[in-house]
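Subject: Structure handover

Hello,

Here is the structure for your files. My notes on the fold and its packing follow below.

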Amino acid sequence: MGSLGEQPQVAEDCMGLLQLLSDGTVLRSKSIDLITQQIPLVNHKSTVLFKDSIYHKPNNLQLRLYKPVSASNPTATALLPVVVFFHGGGFCFGSRTWPHFHNFCLTLASSLHALVVAPDYRLAPEHRLPAAFEDAEAALMWLRDQAVSGEGDHWFEGGPGVDFDRVYVIGDSSGGNIAHHLAFRFGSGSTELSPVRVRGYVLLGPFFGGVERTKSEDGPSEALLSLDLLDKFWRLSLPEGATRDHPMANPFGPTSPALEPVSIEPMLVIAGGSELLRDRAKEYAYKLKKMEGKKVDYIEFESEEHGFFSSNPSSDATKQLLRIIGDFIDNFNF
């Protein structure tokens with residue numbers, strides 16, 4: 001009989017929803033009410049259809065497709081742009097099925113009149129980075145396969161079909177970090193994905209880190225986010241022993257690769273004025289903006305907190321955000 005002292009201890013605890021024990025065991029709660037109970041539901045049932053598909057069989061990874069109902073009209077002629085949306089959750093939480101992400105994708109499909117692709121990706125600490133990046137690349141490769149295969153998903157055909165030459169990547173929080181990774185992984189032109197062409201990236205409150213604190217990180221906690229929780233996410237998602245200056249957390253860290261030589265598609269970085277992550281998003285955008293040949297814009301929503309668009313999908317700020325994203329897509333509609 002082992003003594004009580006030999007029992008595994010809780011090494012990390014994220015809101016009681018995720019616990020990492022000292023022996024490496026991961027305990028996950030099936031209830032996400034703590035995160036989603038305040039989320040108002042959006043009713044787009046009459047305007048948007050959705051369904052799930054497997055995009056990576058070895059890891060049983062699924063994605064959700066959203067298509068505007070009007071796009072099913074066989075008399076419609078305009079091809080739909082494709083929006084690939086990567087959810088947030090500090091690389092440790094989240095799924096396409098979570099109500100607030102699902103709501104936001106319904107809203108994206110309806111407002112932008114686009115086919116939305118929302119992939120899940122493997123989560124930490126069971127699957128530490130770069131697992132999420134690898135899965136995001138696989139999702140874009142899956143999209144490429146839909147474009148080149150005569151046996152692709154029928155939702156990409158019929159009616160107006162989709163325009164694989166107009167693909168946009170939108171990432172929320174950790175999904176914004178993923179969008180950054182994809183932007184520099186595939187560069188401008190994205191020939192590796194041909195005939196899919198990514199035309200631009202939108203980073204919403206991107207989850208970046210660093211050992212040295214920023215002014216906004218030292219500010220007051222948000223309703224659903226604290227600096228302590230952000231630090232936990234990094235400890236759970238980065239390779240064991242890595243600091244927040246690891247290149248996967250800090251694009252401008254001491255060992256991060258130089259970003260100047262890489263040509264990228266146009267990028268839009270958006271943050272709330274009351275976000276803990278605001279200063280990192282702003283610094284990221286302005287450092288890139290100074291680099292030759294990079295078209296990067298930064299927009300800040302005064303007084304808004306992290307994830308304001310998914311926590312309140314019918315707010316004036318969210319409606320304005322959707323207009324801004326729509327303009328971004330229209331401006332790069334070649």
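In these notes, contact means heavy atoms within 4.5 Å. The model is predicted, so local features need pLDDT of at least 70 and side-chain atom pairs count only at pLDDT 80 or more, while totals for chains, interfaces and linings use all residues. Residues are numbered from 1 along each chain as its sequence is written, and side-chain values use heavy atoms, with hydrogens and water left out.

Overall

The protein chain has eight helices and eleven strands. Helices (H or I, at least four residues) and strands (E, at least two) are DSSP runs, numbered from the N terminus. Of the 334 residues in the protein chain, 56% are buried; buried means under 20% relative accessible area, exposed over 50%, and partly exposed in between (1.4 Å probe, protein chains only). Among contacts in the protein chain between residues at least 6 apart in sequence, 74% join residues at least 24 apart.

Two strands count as paired if DSSP finds at least two bridges between them. On that basis, eight strands make an open sheet with mixed pairing, ordered β4-β5-β7-β6-β8-β9-β10-β11. The edges are β4 (48-56) and β11 (296-301), each with a single partner strand, so one side of each has no neighbour in the sheet. Neighbouring strands are turned by 20° against each other on average, direction ignored. For angles, axes are lines fitted to C-alpha atoms, for helices over the stretch in contact, and values run from 0 to 180 degrees between N-to-C directions.

Within this sheet, β8 (residues 162-172) and β9 (residues 198-204) run parallel and are joined by six bridges. The bridge partner of Ile170 in β9 is Val202. Val202 is buried, with a relative accessible area of 1%. Leaving out residues up to four places away in sequence, Val202 touches Val169, Ile170, Gly171, Leu268, Ile270, Ile325 and Phe328.

Helices α2 and α8

Helix α2 (residues 99-112) packs on helix α8 (residues 316-331) at an angle of about 55°, with the axes 10 Å apart. The two are therefore oblique to each other; angles under 35 degrees count as roughly parallel, over 145 as roughly antiparallel, 65 to 115 as roughly perpendicular and the rest as oblique. Phe104, Thr107, Leu108, Ser111 and Leu112 in α2 meet Leu321, Leu322, Ile325, Gly326 and Ile329 in α8.

An open sheet of three strands has the order β1-β2-β3 and antiparallel pairing. Its edge strands, β1 and β3 (26-28), each pair on one side only. The twist averages 15° from one strand to the next. Four bridges link β1 and β2 in the antiparallel sense, and Asp13 stands opposite Gln19 in β2.

Helix α5 lies across β1 and β2, running at about 125° to β1. Nine of the eleven residues of α5 (residues 227-237) are buried, so the helix is largely enclosed by the rest of the structure. The buried residues include Leu229, Phe233, Trp234 and Leu236, along with Asp231 and Lys232. The buried residues of α5 pack against β1 (10-14), β2 (18-21) and α4 (174-186).

Regards
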